[in-house]
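Let me put the structure up, and then we'll walk through it together.

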Amino acid sequence: MMSPLHTATLGSKVFLLEDNDISRQLMTDFLTAQGFNVLSLPSATTVLTVLKEFRPQIILLDIKLPEIDGYTVLQLLKSHPTWKTVPIIVVSAFAFCADRDRALQLGANRYLIKPVKLPELIQAIHEEILYSCV
């Protein structure tokens, strides 16, 4: 039986930016199985074009990315008129408080450390999507 949180966010669009192929595939499969519509990319080079077409309700962002790091992506999105209100959950292997604090100061809504507990990730996604609609 689905929780009220799950029912309210069923079919929501999740954009995942993760360079590790295995992590990206596992998270995509898991989130899809949970009823989300997921689009994932391994790098941020086309992020604005993809976001414009996909229009997600939430973004999951790794920090360690090729070409453009997650902090730069976070700054870009939070300064963009269309994307500044979309919740962003950072999912990173960087476990230091300084990394978390920097991401939160740049506008991330939450910071989860890998390996992320999947129930915690799902709960965070549901809450952020619902709170962003209030």
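What is the peptide bond from Lys-114 to Pro-115 like, cis or trans? It's cis, with omega near -5°. Before I go further, please keep in mind that this is a predicted model.

Five strands make up an open sheet, and if you read across it the order is 2-1-3-4-5, with parallel pairing. At the edges you find strand 2 (37-41) and strand 5 (110-113), each of which pairs on one side only. On average, neighbouring strands are turned by 20° against each other, if we ignore direction.

Let's zoom in on strand 3. On one side, strand 3 pairs with strand 1 in the parallel sense over four bridges. Leu-17 has Leu-61 of strand 3 as its bridge partner, and Leu-16 stands opposite Leu-60. Strand 3 also pairs with strand 4, again in the parallel sense, over three bridges. There, Ile-59 stands opposite Ile-88 of strand 4.

So which way do the residues of strand 3 point? Ile-58 and Leu-60 go one way, Ile-59 and Leu-61 go the other way, and all of them are buried.

That brings me to the cores. The largest nonpolar core has 23 residues, and among those with the most contacts inside it are Phe-15, Leu-17, Ile-59, Leu-61 and Leu-77. Who supplies this core? Strand 1 (13-17), helix 3 (47-54), strand 3 (58-61), helix 4 (70-78) and strand 4 (88-92) each give at least two residues. There's a second, separate core too, with 17 residues, including Leu-16, Phe-36, Leu-60 and Ile-125. Look at Leu-16 and Leu-60 again: they belong to that second core, and they are the pair that stand opposite each other.

Helix 5, residues 97-105, lies across strand 4 and strand 5, and runs at about 150° to strand 5.

Asp-69 caps its N-terminal end, with a side-chain oxygen 3.1 Å from the backbone nitrogen of Tyr-71. Which residues are buried in helix 4? Those are Gly-70, Tyr-71, Val-73, Leu-74, Leu-77 and Lys-78. They cover an arc of only 160° around the axis, so they end up on the same side of helix 4.

Let me finish with a few loop residues. Ser-43 is in the loop between strand 2 and helix 3. Is Ser-43 buried or exposed? Its relative accessible area is 15%, and the cut-off for buried is under 20%, so Ser-43 counts as buried. Leaving aside neighbours within four places in sequence, Ser-43 is in contact with Leu-17, Pro-66 and Glu-67. Its side chain also makes a polar contact of 3.3 Å with the side chain of Thr-45.

Glu-67 is exposed, with a relative accessible area of 65%. Its phi is near 65°, a positive value in a residue other than glycine.

Arg-55 also has a positive phi, of about 55°, although it is not a glycine. You'll find Arg-55 in the loop between helix 3 and strand 3. At 47% relative accessibility, Arg-55 counts as partly exposed.

That's my tour, and I'm happy to take questions.

Terms used
Residues are numbered from 1 along each chain as its sequence is written. This is a predicted model: local features need pLDDT of at least 70, side-chain atom pairs count only at pLDDT 80 or more; totals for chains, interfaces and linings use all residues. Side-chain values use heavy atoms; hydrogens and water are left out. A nonpolar core is a set of buried Ala, Val, Leu, Ile, Met, Phe, Trp, Tyr and Cys residues joined through side-chain atoms within 4.5 Å. Buried means under 20% relative accessible area, exposed over 50%, partly exposed in between (1.4 Å probe, protein chains only). Two strands pair if DSSP finds at least two bridges between them. Axes are lines fitted to C-alpha atoms, for helices over the stretch in contact, and angles run from 0 to 180 degrees between N-to-C directions. Contact means heavy atoms within 4.5 Å. A polar contact is a pair of N or O atoms within 3.5 Å; within protein, one must be able to donate a hydrogen and the other to accept it, and residues adjacent in sequence count only if both atoms are side-chain atoms. The arc is that of the directions from the helix axis to the C-beta atoms.
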